[in-house]
Amino acid sequence: METERRVHLVRRIAVALLAMTFLLMVVGSWVKATGSGLSCPDWPQCYGQWLPPFPSQENGGVDPATGEPVLYTQAQVLYEWAHRALASAVGVVFLVLLALAWPDRRWIRRVETHPRLAWAGPPGAIVAAWIFLAGFAYLALPADHALRASAGDLRNLLPVLVAGSLLAWFLVGPLNPVIRKPALRTDLHPGLRRAPLYAAWVLLAQILLGGVTVLGKNAAPLTTAHLATATLYLLLIAWTVAFAVLRPVPEVPMDLPPEPERIVETVFPGEERPEPAEDAAGV
Ligand code: HEM
């Protein structure tokens, strides 16, 4: 992808992400204001399901974990579920932003160029993606499935999923054609590369914290930490947008040796290019 297109894409994605984050915070506040925070008592699923309709007051649903009737309305469950679903969408869009805005980490280059690791890129990425998908498929099994029952508490799988996805990211990095092009590496301001990095860790923590908040039955310290981290994350995304949208992007990537054509254009803008001077000694 050309530099200019990539930079424009980064700008659009950063702004979209800011809007999505704001919306996510509004939905989160709505969840709290309507008392829906515990309407999905489990995590990452909701009553052992990924998708609606969920058990609720209206349909006489029962919580499969406790066998108790569900006391929340379908709308309340959907608010909480929508909050989680939107957080996941933010996570995915965020990864795209990160791949585009921050492609020059030294360790990525090291993996790329390391003779022993270079071969591991494609197969490693496939294995990591497979582990991730298999873990996800496993989580999507019905709660009473024998495979799930035999493996005990599903939450034990979460660290595996997180590690698997980070590994996939690490390994897929060297495959990214954007990363492979040195000419594209320094066209963005360093601030734009650093802010998404910090925000990535904060977002990961925030999503896990959301889950812990639910599992911890919305205990006050957890909810407070969740809100505080959300604010920090919003600030980092705003910082990213400030760099991505407000800062002018240099037209010529700075690590490219300047081409003679460009130098002449800069020195004599819009003017006829002077003919190379005759060799004075030869006249
Ligand atoms: C980027 C990710 C997220 C952001 C920015 C975010 C933001 C917020 C905000 C601003 C609130 C309102 C808090 C308040 O008014 O005190 C909230 C509430 C809540 N969030 Fe999130 N959230 C995120 C992810 C998640 C995830 C992944 C889950 C669950 C798995 C979750 C579960 C909750 C719950 C249960 C509440 C209601 C707490 C209560 O009723 O006391 N959040 N969130």
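Modeller: Residues are numbered from 1 along each chain as its sequence is written. In this predicted model, local features need pLDDT of at least 70 and side-chain atom pairs count only at pLDDT 80 or more, while totals for chains, interfaces and linings use all residues.

Biologist: How many helices and strands are there in the protein chain?

Modeller: Helices (H or I, at least four residues) and strands (E, at least two) are DSSP runs, numbered from the N terminus. From that terminus on, the elements run α-α-α-α-α-α-α-α-α-α-α. The count is 11 helices and 0 strands.

Biologist: Is Ala99 buried, exposed or partly exposed?

Modeller: Ala99 belongs to helix H2. A residue is buried if 20 or more other C-beta atoms, placed from the backbone, lie within 10 Å of its own, exposed if 12 or fewer, and partly exposed in between. Because Ala99 has 17 other C-beta atoms within 10 Å, its class is partly exposed.

Biologist: Which residues have the most contacts inside the largest nonpolar core?

Modeller: A nonpolar core is a set of buried Ala, Val, Leu, Ile, Met, Phe, Trp, Tyr and Cys residues joined through C-beta atoms within 7 Å. The largest has 19 residues, and those with the most contacts inside it are Leu17 and Leu97.
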